[in-house]
Amino acid sequence: MKNTFLTIATLTASILSCSAQENLPKVQTPDKKNYSYKIIVDSLDIPWGMSFINENDLLVTEKSGILYRIRNGNKKRVKGLPPVYVRGQGGLLDIAVSPHYEETKEIFFTMSSEIDTFNKISLVSDSVSDENFFNSELIKKGIELIREEYPFVFNETLKDFIETFKDELNNGFDPIEKFQLFLDVNYYPDIKDQNVLNQISELSNRIKKIEISNDINLYEEEKKLKSKLRSIQKKYSFLPQNGKRKAKGGHTALYRATLVDLELKDLKMIYKGDFNTKKGQHWGSRIVFDDDNYLYFTIGDRGNRDVNPQDISRDGGKVYRLNLDGSIPNDNPFFGKGNVREAIYSYGHRNPQGMVFNKKTKRIWTSEHGPKGGDEINIIKPGKNYGWPIITYGINYSGTIITNKTSMNGMEQPLYYWVPSIAPSGMAFSTSNVYPKWKNSLFVGSLKFEYLERLEIKKEKVIKREKVLESIGRVRNVKEGPDGYLYVAVEGNGILKIIPN
Amino acid sequence: MKFFVTFYFIFIFNICLSLFTKKPLQESLLDGQEIYKDFCAQCHLEDGKGVKGIYPPLAKSDFLKDINRTISSIKYGLKGPIIVNGEKYNSIMVSQGLDDEEISDVVNYILNSWGNSTKQLITEEIVNSIEK
């Protein structure tokens with residue numbers, strides 16, 4: 001009995017001491033600081049992304065859905081963003097100026113979006129340019145009216161609609177009403193009950209029959225049937241309800257646009273995660289480019305760790321790789337592999353909110369929010385599985401165990417994991433000669449401990465950790481500017497420039 | 001008499017209607033708990049105790065006495081210095097993008113958890129009526 005007690009006591013003590021232990025190397029606070037900082041942009045709440053057009057021209061995203069352009073310290077709002085779905089940890093996320101910006105004026109950004117590509121409901125900003133589409137003025141007019149009423153409609157949906165209803169449209173029927181009918185019949189993503197589906201199609205057919213008969217005596221009945229249909233629609237549908245859309249959740253989207261002074265033009269959604277969910281967590285997201293002009297971006301596991309990260313036929317918990325035009329490179333690891341998202345470059349991630357291209361090793365590096373004690377730095381290799389949630393060094397924040405496995409065959413190990421978790425945000429390498437002692441160091445923001453961390457790395461091992469800029473507020477992002485200086489985005493504050501003495 | 005009977009039936013009908021349309025507290029608390037775990041627990045923690053000096057407590061919190069202010073800070077966000085249970089806090093809580101029903105659920109959950117209790121049921125309509 002005594003023995004058992006002792007064993008339990010020792011075990012408990014060792015578990016406790018383990019969980020309290022800091023993963024080596026311990027973070028240091030330098031005694032002497034030979035640098036200071038200057039606030040170059042102020043009054044920002046959550047400055048998520050920043051990207052330099054040049055030394056004196058900077059783009060900054062505010063999570064709440066504002067894009068700023070700061071030229072020579074002058075902060076102005078850029079208009080023309082698509083509707084941002086601000087929910088939980090989601091909102092307007094990262095921004096990146098294209099490597100070809102000088103010629104194309106293109107920028108890329110990620111944000112949370114409730115546009116439902118899976119159910120083909122989307123925002124259309126560019127017009128339907130297909131000539132065959134507008135073979136009649138009436139159809140053209142009808143599409144315009146529908147666009148006004150439903151700004152969230154995908155081109156494909158409109159095409160299907162015109163195919164089905166072109167005769168009615170050419171005969172002068174009300175296009176909005178027909179379009180509603182079309183949606184009623186075709187898009188009920190949430191309805192699993194066959195009876196309800198049958199009811200909808202029966203109602204729709206009866207309405208259609210009455211409409212075709214054009215019988216005035218049946219007008220009252222038509223009205224009744226329609227209101228019955230609307231009440232079902234209201235219960236299940238994503239369509240406007242009394243003018244207000246009720247969200248069905250969202251996912252991370254990647255957009256491309258051209259920046260003309262203070263306005264975004266030629267907006268195009270080039271990737272959208274499926275399937276929308278009302279969960280507030282883990283949207284990612286960062287965007288970077290490599291030397292060969294491939295674009296990489298991240299999406300977190302969207303609060304569904306047991307399903308998303310390990311399933312490459314679904315989005316979430318992934319690093320993606322695309323061409324700048326939005327197409328999928330044919331040397332992507334899962335290209336042509338059947339039922340997969342071919343844009344996936346690596347998977348098994350939890351929530352990568354930091355990413356940088358290591359110019360020396362030509363590899364993409366990420367920093368990721370893990371569970372308690374499981375925040376990681378990873379070097380991203382094509383097609384690899386980073387293990388979440390099958391392996392992790394962390395435990396749930398509530399204290400319960402996720403898995404007792406920290407490694408497994410076929411799964412990658414992190415370059416480093418933080419204990420305690422620092423809640424890593426953006427990351428950057430110092431490659432310039434502005435800070436001679438910091439050359440080639442990695443910098444990662446800590447949201448939780450409100451400092452900027454500098455990590456010295458030798459042969460893919462962290463050999464030193466140091467706090468830079470302590471107690472400045474939640475560090476959201478860090479970037480090396482075109483002038484070689486480090487710029488740090490701090491919540492509730494702004495953008496700080498680190499200046500060596 | 002006829003007038004009275006009609007009135008009486010309208011009255012009963014309305015009660016029935018309100019019983020059916022109002023979300024019962026029990027259901028609201030369950031939905032609220034889910035919202036709380038997803039959107040609030042990360043900072044205010046599952047036990048509602050928060051982190052002294054950084055994230056104010058919700059458990060037995062004197063800030064919650066002003067229910068309208070509580071709803072407003074979840075609906076529109078909260079920024080700047082506040083004092084909760086005698087402790088100073090000066091930070092930002094941004095709006096989490098919850099809809100009015102979700103806010104009513106999570107407020108009901110907060111007002112009835114960790115030793116908090118209230119007689120008032122917060123409905124979607126109440127949340128809808130709160131202005132910035």
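User: Where in chain A is S285(A) found?

Analyst: S285(A) is found in the loop between β10 (263–272) and β11 (287–289) of chain A; helices (H or I, at least four residues) and strands (E, at least two) are DSSP runs, numbered from the N terminus. This is a predicted model, in which local features need pLDDT of at least 70 and side-chain atom pairs count only at pLDDT 80 or more, while totals for chains, interfaces and linings use all residues. Residues are numbered from 1 along each chain as its sequence is written, and chains are lettered from A and ligands numbered from 1 in the order in which they are written.

User: Which residues does the cis peptide bond with omega of about 15° join?

Analyst: Most peptide bonds are trans. Here, a cis bond links G284(A) to S285(A), with omega about 15°. Another cis bond runs from W388(A) to P389(A), with omega near -5°; P389(A) sits in the loop between β17 (375–380) and β18 (416–418) of chain A.

User: What is the phi of E450(A), and is the residue buried or exposed?

Analyst: Most residues other than glycine have a negative phi. E450(A) has a positive phi, near 60°, and lies in the loop between β20 (442–446) and β21 (451–458) of chain A. E450(A) counts as buried because it has 20 C-beta neighbours inside 10 Å. A residue is buried if 20 or more other C-beta atoms lie within 10 Å of its own, exposed if 12 or fewer, and partly exposed in between, with C-beta atoms placed from the backbone.

User: What is the phi of L45(B)?

Analyst: L45(B), also not a glycine, has a positive phi of about 65°. L45(B) is in the loop between α2 and α3 (67–76) of chain B. With 17 other C-beta atoms within 10 Å, L45(B) is partly exposed.

User: In what order do the five strands of the open sheet in chain A lie?

Analyst: Strands of a sheet pair through backbone hydrogen bonds, either parallel or antiparallel. In chain A the order is β1-β22-β21-β20-β19, with mixed pairing; two strands pair if DSSP finds at least two bridges between them. The edge strands, each pairing on one side only, are β1 (27–28) and β19 (424–429) of chain A. β1(A) pairs in the parallel sense with β22 (residues 461–468) of chain A over two bridges, and Q28(A) has E466(A) as its bridge partner in β22(A).

User: How many residues does each chain bring to the contact?

Analyst: Chain A brings 14 residues and chain B brings 10 residues, where two residues are in contact if their C-beta atoms, placed from the backbone, lie within 7 Å. On the side of chain B that touches chain A, α2 (25–44) and β2 (87–93) of chain B each supply at least two residues.
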